[in-house]
Amino acid sequence: MIIDAISDLHGYYPKLEGGDLLIVAGDLTATDTLQEYRQFFLWLIDQNYRRKVLIAGNHDNNIESFYSFFSMELPPMGNINYLCDSGTEFEGLKIWGTPWTAQFPGINPKCCAFTVNYGCDTDDWLNEYWQKIPSDTDILITHGPSFGNLDYTTRGESVGSRSLWMKLLEIRPKLHIFGHIHEAYGQIIHHNGIHLINCSHVNERYQPVNKPIRIEL
């Protein structure tokens with residue numbers, strides 16, 4: 001099976017190669033407008049994959065507030081699945097998607113969709129969402145990374161979720177697909193067999209320099 005993964009598009013919509021499954025891990029538009037969401041979904045519909053699965057990210061405020069409205073306004077979704085603490089199956093693979101990330105000091109207040117407030121016990125609060133992830137998940141899609149795994153900022157800080165990493169060690173999915181930390185683009189296979197993929201399309205300067213990451217299962 002050919003799987004392509006991409007995240008943090010921020011308004012850039014490249015032509016993809018096509019395959020079996022396309023996964024988009026949030027931050028879909030440049031400025032979160034209705035017209036840009038229409039543009040994104042028209043781009044998504046045009047991609048040549050048998051199934052397309054997406055989640056939202058912290059820039060996707062209008063999806064958090066008005067997703068039901070957008071779903072009525074857009075063309076029929078067909079083979080597209082939007083996940084928000086929910087799952088789907090494709091060719092025997094169980095896929096779960098969740099958009100939540102933590103806020104941080106200095107975060108742009110316009111970029112706080114699906115975020116946990118900074119100042120509370122952030123990781124424990126995030127863990128409430130991770131506990132919803134089924135134990136038999138094969139592909140986990142989150143917007144942000146787990147702690148210590150493709151989560152280092154340009155300042156050298158590891159900013160991923162510790163509780164998410166503990167959940168990953170518990171359920172051991174085949175793939176964990178995410179973005180959010182643009183400068184940590186890449187993929188690693190952990191010694192326990194989990195394939196971790198940061199597929200941010202833009203870099204830390206919001207330039208669309210990173211290619212989608214292709215996986216064969």
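Is Asp8 buried or exposed? I looked this up to open the notebook. Asp8 counts as buried, because its relative accessibility is 0% and the cut-off for buried is under 20%. I note at once that this is a predicted model.

**Entry 1: two positive phi values**

I stayed with Asp8. It sits in the loop between strand E1 (2-6) and E2. Its phi is positive, about 50°, although Asp8 is not a glycine. I then found Glu91, also not a glycine, with a positive phi of about 50°. Glu91 belongs to the loop between strand E5 (86-90) and E6. Glu91 is exposed, with a relative accessible area of 52%.

**Entry 2: the sheet**

I traced the strands next. Five of them make an open sheet, ordered E4-E3-E2-E1-E13, with mixed pairing. Strand E4 (80-82) and strand E13 (213-216) are the edges, and each pairs on one side only. From one strand to the next the twist averages 20°.

Strand E2 (residues 19-25) and strand E3 (residues 49-55) run parallel and are joined by six bridges. Within this pairing, Ile23 has Val53 of E3 as its bridge partner. Helix H1 (residues 34-46) packs on the sheet and touches E2, E3 and E4. The direction of H1 makes about 150° with that of E3.

**Entry 3: the cores**

I asked which residues have the most contacts inside the largest nonpolar core. They are Val24, Phe40, Leu44 and Leu54, in a core of 39 residues. E2, H1, E3, E4, helix H3 (122-130) and helix H4 (162-171) each give two or more residues to this core. H1 provides the largest share, five residues.

I checked Leu44 by itself. Beyond its neighbours within four places in sequence, Leu44 is in contact with Leu22, Val24, Lys52, Leu54 and Ile80. There is also a second, separate core of 19 residues. Leu21, Ile23, Leu83 and Ile197 are among its members.

**Entry 4: helix H4**

I listed the buried residues of H4: Ser163, Leu164, Trp165, Lys167, Leu168 and Ile171. What covers them? The cover includes H3, strand E9 (139-142), strand E10 (175-178) and strand E12 (195-198). After H4 comes Arg172, with a positive phi near 50°.

**Entry 5: the aromatic rings**

I searched the whole structure and noted six aromatic pairs. In one of them, the rings of Phe40 and Trp43 have centres 5.8 Å apart and planes at 35°, so this pair is tilted. Phe40 and Trp43 both lie in helix H1, three residues apart, about one turn of the helix. Both are buried. Phe40 and Trp43 also belong to one aromatic cluster with Tyr13 and Phe41.

I turned to another pair. Why does the pair of Trp100 and Tyr129 count as stacked? Their ring planes are at 15°, with the centres 4.1 Å apart, so the pair is stacked; the cut-off for stacked is under 30 degrees. This pair links distant parts of the chain, 29 residues apart. Trp100 is in the loop between strand E6 (93-98) and strand E7 (101-102), and Tyr129 is in helix H3. Trp100 and Tyr129 are both buried.

Conventions: Residues are numbered from 1 along each chain as its sequence is written. This is a predicted model: local features need pLDDT of at least 70, side-chain atom pairs count only at pLDDT 80 or more; totals for chains, interfaces and linings use all residues. Side-chain values use heavy atoms; hydrogens and water are left out. Two strands pair if DSSP finds at least two bridges between them. Helices (H or I, at least four residues) and strands (E, at least two) are DSSP runs, numbered from the N terminus. Axes are lines fitted to C-alpha atoms, for helices over the stretch in contact, and angles run from 0 to 180 degrees between N-to-C directions. Contact means heavy atoms within 4.5 Å. A nonpolar core is a set of buried Ala, Val, Leu, Ile, Met, Phe, Trp, Tyr and Cys residues joined through side-chain atoms within 4.5 Å. Buried means under 20% relative accessible area, exposed over 50%, partly exposed in between (1.4 Å probe, protein chains only). Rings of Phe, Tyr and Trp (its six-membered ring) pair if their centres lie within 6.5 Å; planes under 30 degrees apart count as stacked, over 60 as edge-to-face and the rest as tilted.
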